Amino acid sequence: MSPTRAAGLVIYKKSNQIINFLLLQTSYGEHHWTPPKGHVDPGESDWITALRETKEEAGLSENELEIYKDISKTLNYQVKGKPKAVVYWLAQVKDPDQNVILSNEHQDFKWLPLEQAQEISGFEDMKNLLAEFHEKALKIV
């Protein structure tokens, strides 16, 4: 069985060398916290999905972000017994004061430093991804 595909962006802003990640709280299910992401539509690339979902869920368009296409990671896990693969790219908001505009799929958002972002994300693979992207973000001038 081939996995369900999804894609998104792990978005951060940097202030005084502190990295804060954007996490969105779903308005459905267990109200978990996640970077903007969504399912790949038929005929759509992972990249286009990541851009579309970020615009839909957080109101952030490609021109408001510095997206690092060479920094990505795919998480593979099971959802209700079915395989799922989600590819994330690292992105930085160009304007740290940029407004986040939520869709009806989410009820809240937070900009959080690494440890707090890891804590509310809840899943080990997401905690590891955030740590890895945090290290890479610190090296970006």
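Helices (H or I, at least four residues) and strands (E, at least two) are runs assigned by DSSP and numbered from the N terminus. The structure described in these terms is a predicted model, in which local features need pLDDT of at least 70 and side-chain atom pairs count only at pLDDT 80 or more, while totals for chains, interfaces and linings use all residues. Residues are numbered from 1 along each chain as its sequence is written, and side-chain values use heavy atoms, with hydrogens and water left out.

A record gives the first orientation. UniProt, in an unreviewed entry, lists residues 2-134 as "domain: Nudix hydrolase"; its positions are given in the numbering used here, feature names are shortened, and annotations may be inferred rather than shown by experiment.

Most residues other than glycine have a negative phi. K80, in the loop between β5 (65-79) and β6 (82-93), has a positive phi of about 50° although it is not a glycine. K80 counts as exposed because its relative accessibility is 82%, where exposed means over 50% relative accessible area, buried under 20%, and partly exposed in between (1.4 Å probe, protein chains only). H31 lies in the loop between β2 (18-26) and β3 (33-34), and its phi is likewise positive, near 55°. With a relative accessible area of 31%, H31 is partly exposed.

The charged side chains come next. Side chains of opposite charge can pair when their charged atoms come close. A salt bridge is counted when a side-chain nitrogen of Lys or Arg is within 4 Å of a carboxyl oxygen of Asp or Glu, and the count by this rule comes to seven. One of them joins R5 and D46, with 2.5 Å from N to O. This pair links distant parts of the chain, since R5 is in strand β1 (residues 4-15) and D46 is in helix α1 (residues 46-58), 41 residues apart. Both partners are partly exposed, R5 at 36% and D46 at 21%.

Other salt bridges meet at R52. The side chain of R52 pairs with E53 at 2.9 Å, N to O, and with E56, where the closest N and O atoms are 3.3 Å apart. E56 and R52 are separated by about one helical turn, because they are four residues apart in helix α1. E53 is buried at 6% relative accessibility, whereas E56 is partly exposed at 38%. A network of salt bridges links D41, E44, R52, E53 and E56.

Helix α3 (residues 124-139) holds E135, which is partly exposed at 44% relative accessibility. E135 and I19 are 116 residues apart in sequence, but their C-alpha atoms are 9.6 Å apart in space.

The last feature is open space. On a 1 Å grid over the protein atoms alone, a pocket is an open set of points where a 1.4 Å probe fits, with protein on both sides within 12 Å along at least five of seven lines; lining residues have an atom within 4 Å of a point. The largest pocket has a volume of about 860 Å³, the volume being the space filled by probe spheres set on the points, which are joined across faces, edges and corners. Its lining comprises 31 residues, of which H32, K37, Y77, V79 and K84 lie nearest the centre. The elements giving two or more residues to this lining are β1, β3, β4 (37-39), α1, β5, β6 and α3, and β6 provides the largest share, five residues.
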